[in-house]
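Have the sequence and the 3D view open side by side.

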Amino acid sequence: MKPVVAIVGRPNVGKSTLFNRITRKKDALVDDFPGVTRDRHYGDAEWNDVEFSIVDTGGFAGDEEDDFSGLIRSQVHQAIDEADAVILVLDGKGGISPFDSELIDILRIVTIPVFYVINKIDGEEKESLLYEFHHLGIDDLYPISAEHGYGISDFLDKLVPLLPCIQTDKTEAAEEEISIAVIGRPNAGKSSLINKILGEDRHLVSEHPGTTRDVIDSLCKISGKQYRLIDTAGIRRKGRVSEKLEKFSIMKALKSLERCDVVLIVIDAAEGISEQDIRVAGYAHDRGCGSIFLLNKWDLVEQNKKTANLFYEKLRMEAKFLSFAPVITISALTGLGVSKIFDLVETVYKQYSTHVGTGMINRIVERAIEKNEPSLHKGKRLKFYYTSQVSTKPPTFVVFTNYPEAVHFSYQRYLMNQIREQTGLDKTPIRLYFRLRTGRIEFSDKKNLQKDSGKRKRK
């Protein structure tokens with residue numbers, strides 16, 4: 001594992017801005033409003049050929065500040081315990097607060113390197129602001145501006161030599177990693193589920209909706225396989241979203257779907273299946289993700305022999321567009337059904353990344369056409385010349401025909417169902433497109449078809 005550097009400090013001193021500056025990305029939410037960051041947020045960084053992980057943490061404040069202060073303090077302590085080095089960010093413009101002094105007392109007794117950076121120092125002329133901080137009895141202070149980059153290079157030059165040296169084999173093949181996004185309405189139990197999987201309080205959990213604000217990645221190994229779990233903010237109806245911060249949180253949640261392989265759509269079964277649950281599922285469908293429905297809080301549902309079937313039928317009726325997605329009942333609180341999730345993830349991912357041979361897919365389409373020919377188009381017969389899979393994740397096929405626009409949606413659905421049935425791709429989205437082909441290669445011309453398929457490359 002890479003060395004871990006934790007960024008800590010009181011609210012609104014610029015920790016997330018420094019995190020974004022060091023990682024050279026804009027993954028952490030940044031706002032002038034204090035308390036934006038709540039969970040620990042991990043990112044990758046590199047300086048002078050030294051790779052390390054950087055951890056952004058919530059603002060360290062008193063328990064009485066808000067309902068999350070105690071939980072955030074616990075997260076900060078965990079981040080310090082796991083780190084190989086700590087960066088304490090102090091506010092050069094705001095001066096010293098009691099929370100700064102408390103953090104300094106905590107960090108004086110740790111055995112790992114601690115770096116005290118004075119943020120919001122925009123140049124040498126501003127370094128006179130450091131005078132107040134010298135009274136803290138700290139030998140080395142690092143004036144920086146996380147927003148404008150002043151002093152960052154000099155600071156990182158001091159930081160990386162003190163990190164533990166990790167020997168890595170550059171020639172070793174990278175291990176395949178399956179990315180899993182966890183999405184749903186607020187308070188559906190997304191963070192609780194990830195904590196149950198990880199076996200630790202990695203994410204803040206509260207009865208207050210909207211506890212998770214940022215997109216938080218966690219790595220784990222299950223049965224020797226590597227997974228990236230992506231926790232996201234709860235997605236409410238657009239009409240109910242008014243705060244700028246929540247809008248950004250939802251935008252980041254939806255963007256996370258673009259880098260995941262499988263989506264776990266968490267539904268609060270105790271409240272029932274809502275219109276917003278179906279809308280959230282639609283976001284996953286639109287982005288072509290492999291999907292699994294999780295009916296969470298199943299331990300709170302009044303049950304009989306038909307309860308599960310009634311939920312399944314309602315879900316299939318409301319979310320017909322994801323009729324292929326598996327559905328299981330779980331309880332993130334008790335662990336009920338959680339162990340089944342990764343078996344399903346493996347099944348869905350295997351289908352999601354499947355490539356079907358050109359010969360096989362053409363035989364499937366040919367037999368489907370022989371069994372059920374399409375309707376005539378303006379008195380002319382529709383001809384299907386050739387089918388090719390152009391990509392995976394999800395499996396995507398292109399059928400070349402003489403009248404692409406004339407293929408009725410019901411016939412498109414028929415061909416898609418035939419492909420699912422014949423290939424066993426029953427738990428993954430598949431895409432089927434129709435394109436104009438001017439050549440004369442038909443299914444009956446086996447030799448030309450095989451010759452052409454050998455020359456094609458996957459896009």
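## Helix 11 and its buried residues

In this predicted model, helix 11 buries Tyr411, Tyr414, Leu415, Gln418, Ile419 and Arg420. Buried means under 20% relative accessible area, exposed means over 50%, and partly exposed lies in between (1.4 Å probe, protein chains only). Helices (H or I, at least four residues) and strands (E, at least two) are DSSP runs, numbered from the N terminus. The buried residues of helix 11 pack against helix 10 (358–371), strand 13 (384–391), strand 14 (396–401) and strand 15 (431–436). Contact here means heavy atoms within 4.5 Å.

Helix 11 covers residues 409–423, which makes 15 residues. From first C-alpha to last, helix 11 reaches 21 Å, close to the 21 Å expected at 1.5 Å a residue. That expected span is 1.5 Å times one less than the number of residues. Gly424 follows helix 11, and its phi is positive, near 80°.

Two strands pair if DSSP finds at least two bridges between them.

Strand 13 and strand 14 run antiparallel, joined by six bridges. Thr387 has Val399 in strand 14 as its bridge partner. Axes are lines fitted to C-alpha atoms, for helices over the stretch in contact; angles run from 0 to 180 degrees between N-to-C directions.

Another open sheet has six strands in the order 2-3-1-4-5-6, and its pairing is mixed. Strand 2 (41–47) and strand 6 (141–143) stand at the edges with a single partner strand each, so one side of each has no neighbour in the sheet. The twist averages 30° from one strand to the next.

Strand 1 (residues 4–8) and strand 4 (residues 85–91) run parallel, joined by four bridges. Ala6 stands opposite Val86 in strand 4. Strand 4 also pairs with strand 5 in the parallel sense, over six bridges. Ile87 has Phe115 in strand 5 as its bridge partner. In strand 5, five of the six residues are buried.

## Helix 4 on the sheet

Helix 4 packs on this sheet and touches strand 1, strand 2, strand 3, strand 4, strand 5 and strand 6. The direction of helix 4 makes about 175° with that of strand 5.

Which residues of helix 4 (residues 152–159) are buried? They are Ile152, Phe155, Leu156 and Leu159. These residues lie on the same side of helix 4 because they cover an arc of only 95° around the axis. The arc is that of the directions from the helix axis to the C-beta atoms. The face turned away from the buried side carries exposed Asp154 and Lys158.

## Confidence

The protein averages a pLDDT of 83, and 80% of the residues score at least 70. pLDDT is the predictor's confidence in each residue, from 0 to 100. Among the elements, strand 11 (residues 290–296) has the highest mean pLDDT, 97. Helix 12 (residues 446–455) has the lowest, 42. Over residues 441–459 the pLDDT is below 50.

Local features need pLDDT of at least 70, side-chain atom pairs count only at pLDDT 80 or more, and totals for chains, interfaces and linings use all residues. Residues are numbered from 1 along each chain as its sequence is written, and side-chain values use heavy atoms, with hydrogens and water left out.
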